[in-house]
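I opened the model to look up a few helices and a handful of single residues. These are my notes.

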2 protein chains.
Amino acid sequence: MEHEYDDLVERVRRIRNVENASSVLNWDQEVMMPEKGVEARAQELSTLSSIKHEILTDDETGEILDSVKPNGEDEEAVVREIQREYTRSVEVPDELVEEISDTSSRAHPVWKKAREKSDFDEFAPTLERLVELKREYAEEIDPDRDPYAVLFDDFEPYIDLETAERVLTNLRDSIKPLIDDIRDSDVEVEKVLGSEYTDERQREIAETALEEMGYDFSRGRLDTSPHPFTSGNTFDARVTTRFTNPLDALMSTIHEMGHALYIQGLPDEGYATPLSEARDLTVHESQSRLWENHVGRSRAFWDYFAPKLNQTLETEVSPGALYRSVNEVSPHPVRVESDELTYHMHIVLRFEIEKDLIRGEIEVDEVPGIWNDKVEEYLGIRPENDAEGCLQDIHWSHGSFGYFPTYSLGSVLAAQVFDAADDEIEDLNGKISRGNFSHLRDWLKEEIHRHGKRYETDDLIRRVTGDDLNVDPFVEYAEEKFGEIYGV
Amino acid sequence: MEHEYDDLVERVRRIRNVENASSVLNWDQEVMMPEKGVEARAQELSTLSSIKHEILTDDETGEILDSVKPNGEDEEAVVREIQREYTRSVEVPDELVEEISDTSSRAHPVWKKAREKSDFDEFAPTLERLVELKREYAEEIDPDRDPYAVLFDDFEPYIDLETAERVLTNLRDSIKPLIDDIRDSDVEVEKVLGSEYTDERQREIAETALEEMGYDFSRGRLDTSPHPFTSGNTFDARVTTRFTNPLDALMSTIHEMGHALYIQGLPDEGYATPLSEARDLTVHESQSRLWENHVGRSRAFWDYFAPKLNQTLETEVSPGALYRSVNEVSPHPVRVESDELTYHMHIVLRFEIEKDLIRGEIEVDEVPGIWNDKVEEYLGIRPENDAEGCLQDIHWSHGSFGYFPTYSLGSVLAAQVFDAADDEIEDLNGKISRGNFSHLRDWLKEEIHRHGKRYETDDLIRRVTGDDLNVDPFVEYAEEKFGEIYGV
């Protein structure tokens, strides 16, 4: 029995080593690779991907999974996660996987060009094909279930779609009035610190923040890339950022660092198995949003960090002005330009539209109109064209339907987790205001990071927060913070 | 028939993509990876290496090789190279390969510690085991041949050992008198430009040289690492250097660039097959040495480059002084600290010792004494201890016997190749002195780079130089250059 479990683990390690190699190659491509290297890199990644697929879907993997008898909680978790991965991989015919992969490769330049020209019609046939293919994909996995629920499972396997729908609907209904009130408020928040600061200064600030917050540079790096991201494993969790203006760059860096602290906090033991892997997107995003919003956008943080920032930039901006500036609410048609609050309306509208698209309740050519109407309804502004409307995001061109909601679910969970930490750590805000982040970091590691994929997500959320995923803590947090700033 | 060739190529591409992925991982490890990443990286590289081995030694590879009928020169070359690789891989039992790999992994820290303490006895048992294992390895491949010749084949498959021995003996006998004369000469060459210049200035100089000489930055990068190296493929050939002082850094960078120009000059067509791969170590080293020594250490180059260097460093050193400084001959016990001329004596003595060791003509414990005697005989100095004697180089701790000679063979070939280029390019030195490097670069690409592994090495050498590998051009070049500088 034990022998079979060991065989399974050896196979899993092999798969993970190949995936981790691909991850380094992807990082290098975004951060270091010279322009012409793409030709070689595409072939390397494609070969590694097919090798991984072959090891995973090999008959022997199935045989081991059929006969293995896991012993204890940890082994059960490993078998559960691999079984899930195996089943998803063997249920979808290779030809369909390839067609989806080919179609989305070809979709990317089409989407890019359509966005440049702000011409949705140019992208519509491709989007239609991707919707069809993803419906087929969902049907192969489970013809009896709602196809969108099946797709959502790919990104968030252990939170059911009903929960996600309930949370996002509550979120929409709770924060829309708040956004409306802020729009009507007379308070003007001043944006401070523009784009006149050098990259070197901005880097210095970002590095200081990461060091203070406990990011381990012996297990990571900070670099720049056009789209900030985090990648790696517990031994080597790398962060990228971009230097635009000091505050945006800092918030973006802290966000990515939140992801990286999760990865660095995974256990060395069980490396290259699910026991040393982060839970899925919602939990991951909860960690980045917790550090970005509940720490980085808190008054306590700015009381501590303002002098350091002022010293580096040779400025004299007050903690209060910095705090207010990073919390400015200003509806924008583009998701990635949005503030902490209005951001969620962007997610909700994408969620509503992609659900209806996959379920066949709306047609592709209706998307631009519905999109713009929803932006107007939720945010009080209307996109001027499709480039800043339904063509703004890359995700659908990748065939990713079901990904967007995890962004907001992560924020919602972040508020729950921060509340739980606040209950258990004495004077947490006081600690943050004195630059003492270690209690929070250790608590997150103890409660979440060190468990890897030991627990299913809904189970983990209950263990950490004592509750199911729900919007109340986020709404309370948002009403308090933005209410105070905007006098609403 | 054609079908089988296509199957072979597909298999080769797969192998090469895995190897190229490993190459990126190795580059990252040397240049970018944070300290603790080594744990994950070792596992990734080990998995990729075993996957590569499995694809190469798969029965199907053998079956395809048995039945494939190559059509034309290019297909014949691909089959020849893969057949050779396959045969070497299947002839050696996996257990022996693993034992060699394990033993050399363990040997590395032992060698390092022994070198730190300058205590050969501590390394001797490990070296003895490695010698035994490599003898066994050679015997598995061909029990009827001289084992050193079999090992040499791993690094230089298409130059026979007799040729190498003849060349290296001639080299030793021709340049020893020259070194002796220089030692007796009254001329003192002044070293200019010390370690007081910033890395930024040294980088600027190195980048300027690479741009001028035609290194394509859209297919490569320049970074720093403790041990400069070049890696990659025709789409992405990266160079590293280290900044010590402006002239050493520049010569080291140009050396690596010579390797990189070879790689960048390989054809895009046939990528990930032997047709887009560099010939073995001697030819590779001929390209680095040609650019480093025949260009970078030439008077013509300094007539052109001195003003640029002076401008960057805000100095006023004459072209003649720079030219003499980079050509200073000064025997040193350490190979990597040696000049262009005395360097070869280091190679010759390693070659003589490792040949005798593998053939069982000397014992491991005799090595330090023989080493020091040879240094004294060839260079007129004696190492003060084993750290600067037989423990100085890492190669034997890797189990690499047969690698060293290719360094000198490369220099010898560089002189032959430069002579051929000089015959065919009108006023080559004049062109270099005007900073026009494109004719030389194009000629090398046309004559050598674009062929990949199409020709066996000895055949390629005859095609390019009209002659077999021989020392005459190198000796003539060295006598003329150093004779003029040292008045001997």
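**Conventions.** I am working from a predicted model, in which local features need pLDDT of at least 70, side-chain atom pairs count only at pLDDT 80 or more, and totals for chains, interfaces and linings use all residues. Residues are numbered from 1 along each chain as its sequence is written, chains are lettered from A and ligands numbered from 1 in the order in which they are written, and side-chain values use heavy atoms, with hydrogens and water left out.

**Helix α15, chain B.** I began with α15(B), residues 367–379. Helices here are DSSP runs of H or I of at least four residues, strands are runs of E of at least two, and both are numbered from the N terminus. The helix has 13 residues and reaches 18 Å from its first C-alpha to its last, close to the expected 18 Å. That expected span is 1.5 Å times one less than the number of residues.

I then asked which residues of α15(B) are buried. They are V367(B), P368(B), W371(B), N372(B), K374(B), V375(B), Y378(B) and L379(B). They lie on the same side of α15(B), because they cover an arc of only 160 degrees around the axis. Buried means under 20% relative accessible area, exposed over 50%, and partly exposed in between, with a 1.4 Å probe and protein chains only. The arc is taken from the directions from the helix axis to the C-beta atoms. As background, an α-helix has 3.6 residues a turn, so residues three or four places apart point the same way.

The cover over these buried residues includes α6 (120–141), α8 (161–184) and α14 (343–358) of chain B. After α15(B) comes G380(B), with a positive phi near 75 degrees.

**α8 against α15, chain B.** The axes of α8(B) and α15(B) come within 9 Å and cross at roughly 70 degrees. The two helices are therefore roughly perpendicular to each other. From α8(B), the contact uses R172(B), K176(B), I179(B) and R183(B), and from α15(B) it uses E377(B), Y378(B) and L379(B). I sorted this contact by class and found 3 nonpolar, no polar and 4 charged residues.

For the terms: axes are lines fitted to C-alpha atoms, for helices over the stretch in contact, and angles run from 0 to 180 degrees between N-to-C directions. Angles under 35 degrees count as roughly parallel, over 145 as roughly antiparallel, 65 to 115 as roughly perpendicular and the rest as oblique. Contact means heavy atoms within 4.5 Å. Ala, Val, Leu, Ile, Met, Phe, Trp, Tyr, Cys and Pro count as nonpolar, Asp, Glu, Lys and Arg as charged, and the others, Gly among them, as polar.

**Helix α4 and P274, chain A.** Helix α4(A), residues 72–91, has 20 residues and reaches 28 Å, close to the 28 Å expected. Its buried residues include V78(A), E81(A) and I82(A). P274(A) touches those three residues, and also V12(A), R16(A), G452(A) and K453(A), leaving aside neighbours within four places in sequence. P274(A) sits in the loop between α10 (246–264) and α11 (281–295) of chain A and is buried at 1% relative accessible area. Its C-alpha is 9.3 Å from that of D74(A), 200 residues apart along the chain.

Most residues other than glycine have a negative phi. D427(A) has a positive phi of about 55 degrees. It lies in the loop between α16 (405–424) and α17 (428–433) of chain A and is partly exposed at 45%. L193(B) has a positive phi of about 65 degrees. L193(B) is in the loop between α8 and α9 (199–213) of chain B and is buried at 11%.

**Other residues, chain B.** Is S22(B) buried or exposed? It counts as buried, at 13% relative accessibility. S22(B) is in helix α1, residues 2–31, and contacts L45(B) and L48(B), leaving aside neighbours within four places in sequence.

T234(B) lies in the loop between β2 (230–233) and β3 (236–241) and is buried at 1%. Beyond four places in sequence, the residues T234(B) touches include R219(B), I263(B), P267(B) and Y271(B).

S298(B) is in the loop between α11 (281–296) and α12 (299–313) and is buried at 9%.
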